[in-house]
Amino acid sequence: MHVTTALLLAAAHALQVNHIFRRPTPFLNEKNTFTEDDGYKLLEGHREKRFSVAWARDLLRPPKPGKLVLVRHGESTWNRNATFTGWTDVDLSERGEREVEHASRLLLEAGISVDVCYTSRLRRAIRSSWILLKGLDAVYRPVFKSWRLNERHYGSGLTGLSKPRLAEELGEARVQAWRHGLRDRPPPMPSNHPLDVSSDRNYADLESTPRTESLEDTMQRALPLWRERIEPDLRSGKTVLVVAHGNSLRGLVKHVDGVSDEAIVDVSIPNGIPLVYSFDRFPSGDLIPHRTEQSVSAHVSGAFLEERGLLRAALEAEAELVRRVPGHLRQTDQPAVRALAKLELERKLIDLAADPSRLERAVERSREKKAPAVDALYMGLPAERVVTRIPKQSTCQPAAFAASDAIVILRHGRTEHNKLGLFTGWEDASLAKEGIAEAKRAGQLLRAHGFAVDAVYTSWLSRAIETAWLALQELDALWVPIIKSWRLNERMYGALTGLSKKAILGEHGEARFKQWRRGYTTRPPAASSFSPSYPGNDERYVRYLTDVRYSFRESLVRSLASGSLVLARKIPKAESLKDCMDRTIPFFTDEIYPRVVEQRKSVLVSSSENAIRGLLMHLCDIPSERIAEVEIPTGLPLVFDVKRRCLRLLDDGRYPADPAEALARWNFGTASDLLFRPCVSDDEDDECAAELPDPVLRLAEVPSYLEDTPSPSVDDMVVGALMGAEYMGG
């Protein structure tokens with residue numbers, strides 16, 4: 001390495017300076033500046049603290065600015081009905097979900113990978129961001145949810161009203177002035193209005209919420225987010241995805257392109273079609289949008305990845321095909337291949353939709369070649385259940401427990417790897433259909449017991465992230481910050497990753513199998529440097545895992561293999577149970593506990609079995625020689641009462657009254673006595689501690705949505721799969 005470069009590296013390391021990666025000010029108090037958190041404060045807790053060579057390299061040569069990708073959420077249920085929506089928190093329609101799935105494929109085809117995502121606090125935008133990131137295999141990237149990206153607040157004059165009918169009653173001119181006028185505000189919404197959201201938990205961190213807004217108001221409130229967060233990310237070379245709403249996105253476009261007040265009212269961003277900006281950098285460091293032949297117009301420098309209107313025609317054509325020729329779609333195994341194949345199919349449908357007679361001929365040909373298919377049905381019936389209503393036997397009310405500090409620990413729902421008995425580790429297995437149902441059920445249980453989650457911590461593995469998503473959806477809390485850290489990943493199983501446990505047992509014998517699987521200090525065989533199962537070959541860890549030191553050996557191996565200098569981090573090639581605990585427990589004690597638990601906030605930790613063992617080992621004082629005995633059921637919320645220092649289960653109406661029989665419902669291994677101990681309280685008058693022989697937090701009455709949840713048998717699942725059905729129970 002050149003001496004000058006080495007000196008600059010050392011200087012950057014010592015001073016930890018970087019003019020590009022400067023930290024934005026978390027809270028400002030001038031007009032149109034930040035007064036809220038949006039999850040940044042929590043993320044600061046585990047941002048990279050170690051020196052990165054990239055820091056010093058960027059001192060010598062600033063990185064090329066990142067791309068800005070703007071996506072308007074998919075069609076909502078109120079978009080479909082031509083209803084003014086504003087801050088009303090409606091969901092995506094089925095077509096809206098398909099639009100966003102298509103957008104993810106367009107981004108995949110364009111080779112765009114996302115480093116960070118910004119969205120609003122409204123579910124139609126948040127769910128759109130989920131779908132996009134899942135399609136891009138980037139669910140582990142940070143997502144910030146800011147009210148500044150919310151749709152325009154339409155006040156009481158427009159919110160919830162039909163656009164065509166309102167035009168008939170008030171006149172087209174008045175409605176258009178409210179809708180498109182730059183400075184016209186509809187009548188404000190009073191606090192007693194049924195659609196008022198000013199008292200919702202979503203906005204509890206704000207001093208006040210708008211009662212009505214003009215287009216200018218909406219665009220102005222988005223600017224601080226641009227200046228303090230999005231623009232610095234772009235300067236640092238990150239590709240930024242912004243998933244928001246028509247009017248808040250127009251505000252960003254107006255600022256990026258310097259669109260005039262007169263021209264901005266004519267700028268329109270359709271649902272689900274990415275608008276992509278590239279930037280050049282002035283010598284001063286300022287960004288300037290790069291214009292191309294694909295730029296939208298003289299006013300807008302960005303380029304749409306597809307012509308508007310084409311997708312909706314294709315979706316209508318596909319809906320017709322599904323109705324008339326069931327079962328016409330087939331899927332391949334690999335997500336990327338499946339996504340691109342689906343994109344190609346959608347493009348063919350676009351061509352087909354343009355010629356109705358051609359479409360009709362194609363349908364008739366399909367009917368001749370294919371016998372009518374059976375509609376996808378759920379063939380099984382839920383097994384009989386006896387729901388035992390257990391009256392309360394103490395004055396310890398669920399609300400009192402939920403109001404105290406609580407740590408909700410949730411192992412992700414089942415995956416196909418779990419079902420097949422495969423070592424999963426850091427391999428990114430998705431939830432199986434049963435796992436999806438388990439995650440939803442967990443959210444329903446928490447809702448039934450009145451839990452209000454303030455923050456979520458999860459791993460970089462999609463099975464844990466998706467479990468958190470689905471649970472939050474059932475809690476109606478999609479806006480809650482989700483902090484993702486690799487330190488909550490499952491144990492790294494090395495060369496065993498992806499292999500059958502049964503096969504390893506048969507090949508190596510029970511003693512060796514038990515050591516590798518549950519030995520506290522024994523590591524399984526290490527993955528090789530170039531094995532597909534080694535995280536050092538996974539982009540997410542190569543690019544983003546920066547809070548561990550560099551490995552001389554791994555750097556040497558990769559440099560020799562590539563013929564050029566490669567600096568590689570010390571990413572684990574195999575972990576013992578102790579190795580996993582050594583990263584999980586400090587993350588809890590140093591980050592989660594002081595930043596959330598000590599602030600008397602409720603936290604949900606969604607993770608994998610061995611990472612959860614680490615948390616329980618710390619919280620329940622389980623000795624290391626017995627921690628391997630602990631089994632954690634998938635999809636079952638375990639609630640740790642911080643005040644009373646005990647672990648509880650959440651009643652769903654199916655627990656026997658006897659505590660021992662209640663625990664026997666689940667497989668907690670041979671260490672349930674260490675998990676479910678009597679509560680201890682420093683408060684002598686604490687009646688909740690006195691009742692604690694019962695490990696179950698009982699409900700006085702079971703809500704109908706818990707009673708009615710179907711419980712399909714394994715046979716039902718198999719039949720459903722053979723029939724092409726999709727069971728989404730819960």
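Colleague: Which residues is H73 in contact with, leaving aside its neighbours within four places in sequence?

Modeller: In this predicted model, H73 is in contact with N79, L92, V100, R124, A125, S128, A244, H245, N271 and G272. H73 itself lies in the loop between β1 (68–72) and α4 (77–80).

Colleague: Why is H73 called buried?

Modeller: The relative accessible area of H73 is 3%. Buried means under 20%, and therefore H73 is classed as buried.

Colleague: What makes the pairing of the side chains of H73 and R124 a polar contact?

Modeller: The two side chains are 3.5 Å apart. A polar contact requires a pair of N or O atoms within 3.5 Å, so this pair qualifies as one.

Colleague: Which residues does the UniProt annotation "active site" cover?

Modeller: According to the unreviewed UniProt entry, the annotation covers H73 and E151. They are spread over 79 residues of sequence, yet they cluster in space, with a largest C-alpha distance of 10.6 Å.

Colleague: Why is E151 described as buried?

Modeller: E151 has a relative accessible area of 9%. The cut-off for buried is under 20%, and so E151 also carries that description. E151 lies in the loop between β3 (143–145) and α7 (155–158). Among the residues that E151 touches are R124, E213, R221 and H245.

Colleague: Where in the protein is confidence lowest, and where is it highest?

Modeller: Helix α1 (residues 3–15) has the lowest confidence, at a mean of 39, whereas strand β4 (residues 240–244) has the highest, at 98. Over residues 325–334 the pLDDT is below 50. The protein averages a pLDDT of 80.

Definitions and conventions:
Residues are numbered from 1 along each chain as its sequence is written. This is a predicted model: local features need pLDDT of at least 70, side-chain atom pairs count only at pLDDT 80 or more; totals for chains, interfaces and linings use all residues. Side-chain values use heavy atoms; hydrogens and water are left out. pLDDT is the predictor's confidence in each residue, from 0 to 100. Helices (H or I, at least four residues) and strands (E, at least two) are DSSP runs, numbered from the N terminus. Contact means heavy atoms within 4.5 Å. UniProt positions are given in the numbering used here, feature names are shortened, and annotations may be inferred rather than shown by experiment. Buried means under 20% relative accessible area, exposed over 50%, partly exposed in between (1.4 Å probe, protein chains only). A polar contact is a pair of N or O atoms within 3.5 Å; within protein, one must be able to donate a hydrogen and the other to accept it, and residues adjacent in sequence count only if both atoms are side-chain atoms.
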